[in-house]
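Please open the model in your viewer and keep the selection tool at hand. The stops below go from a definition to the two parts of the chain and then to the place where they meet.

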Amino acid sequence: MKVVFEQVRKLFGETVAIPSLDLTIESGEFVSLLGPSGCGKTTTLRMLAGLEQTTSGNIWIGDRNVVDLAPAARDIAMVFQSYALYPHMTVAENICYPLKKRGLAKADRATKLAEVAELLKLGALLDRKPKQLSGGQQQRVALGRALVRDPSVFLLDEPLSNLDAALRAHMRAELIELHRRLGKTMVYVTHDQLEAMTMSTRIAVMKDGVLQQFAPPAEIYNRPANAFVAGFIGTPAMTLADGILDHEGGTARLHIGEMVIELPFAVATVGPRAVSIGIRPEDVRVGTGPWAAEVRLVERTGHETILFLDAAGQSLTARLAGSVSLRAGEMVPFDLRRDRLHLFDKADGRRIEAMVADPVTA
Ligand code: ATP
């Protein structure tokens, strides 16, 4: 089912949590609402669920404007960070509870339970109580309780954040598979960009209640719409350096401190312009190149090495494959992948689009 937010505004007293949100989620999408603490992602989800009233605007689920409907009438199911299972009930009873409340006959409940248990691999656990389950198993039961209701839209609020790293990775894969099999619309709140990047069809990046970009993960990563998205997405974070963009003849040039970089593509701009230059760690080449930097810190994870560099006062993060034998204090030559630099207007942070929209091969 399609979900549409139309000029949705939310105030808490005097506080403007969401100034005006327009967002269209197509039927069957897995959309993550992603952003730093306080950006309004939970409020957005809760308004969709009906747990929070909108101040103004419309929310459509399919062809129904649901703003005045009670949560139970919205044909949604929600899974929270805290699993909120009934401790005195077995797994089977927990899962069947919404069906029992709805007055479904016992035989039909059993059929539904069997389907969901099969899908979530809960068959062997049905007679256990929640306290006899691991965190991941409890979360699967919570998912099961949402699934049996067979809603049009699933809402998930940081459902994996109580799990350890290995279980999170496992549950991520399970959720992707579940979404593929069910084909239902899912809206997922997270502040974990790895979850958003791996699971979503599109990510809605929010800041201060304002939607910054709504696009597939690869586009968010490769063409961030503004300096905020650029700095927020990617680990380690992209370097954002202050610089000046100007032209010499037909060539666009960037000045970052003492570095002058000729760009291999055209930029539609007149006169010198203050810009933020975004440089992803993997786009810094270390070992050869026209510039030199001092290694400040080396982090080795085994499969890659992260270098924190100081290039004449400009800090720069580099990511190299494998384990590299460099030490803090050493000087290294480096180069940048000039065709992969991101430019943002210094004043409003917006991406300078012409660079990407009209690339000229180097
Ligand atoms: P987090 O990741 O910390 O949960 P979030 O992105 O989900 O953050 P929200 O919980 O949606 O953010 O909050 C958005 C804004 O609205 C914040 O400024 C928050 O302080 C404010 N807010 C949320 N709920 C209330 C409330 N019940 N009363 C007053 N202000 C609120």
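A salt bridge is counted here when a side-chain nitrogen of Lys or Arg lies within 4 Å of a carboxyl oxygen of Asp or Glu; across the interface of domain 1 and domain 2 that rule finds zero salt bridges. This is a predicted model, in which local features need pLDDT of at least 70 and side-chain atom pairs count only at pLDDT 80 or more, while totals for chains, interfaces and linings use all residues. Residues are numbered from 1 along each chain as its sequence is written, and side-chain values use heavy atoms, with hydrogens and water left out.

Select residues 3-230 as domain 1 and 236-355 as domain 2, bounds that come from an automatic or database domain assignment. Their C-alpha centres lie 38 Å apart, and the contact (heavy atoms within 4.5 Å) takes nine residues from domain 1 and 11 residues from domain 2.

Next, show the surface between the domains, where about 860 Å² is buried, 45% of it given by carbon and sulfur atoms; buried area is the accessible area (1.4 Å probe) that two parts lose on being put together, summed over both. Select Tyr221, Ala227 and Ala230, which supply 52% of the area that domain 1 buries against domain 2, more than any other three residues.

Finally, colour α7 (217-222) and α8 (227-232), the elements that give two or more residues to the side of domain 1 that touches domain 2; α7 gives the most, with three residues. Helices here are DSSP runs (H or I, at least four residues), numbered from the N terminus.
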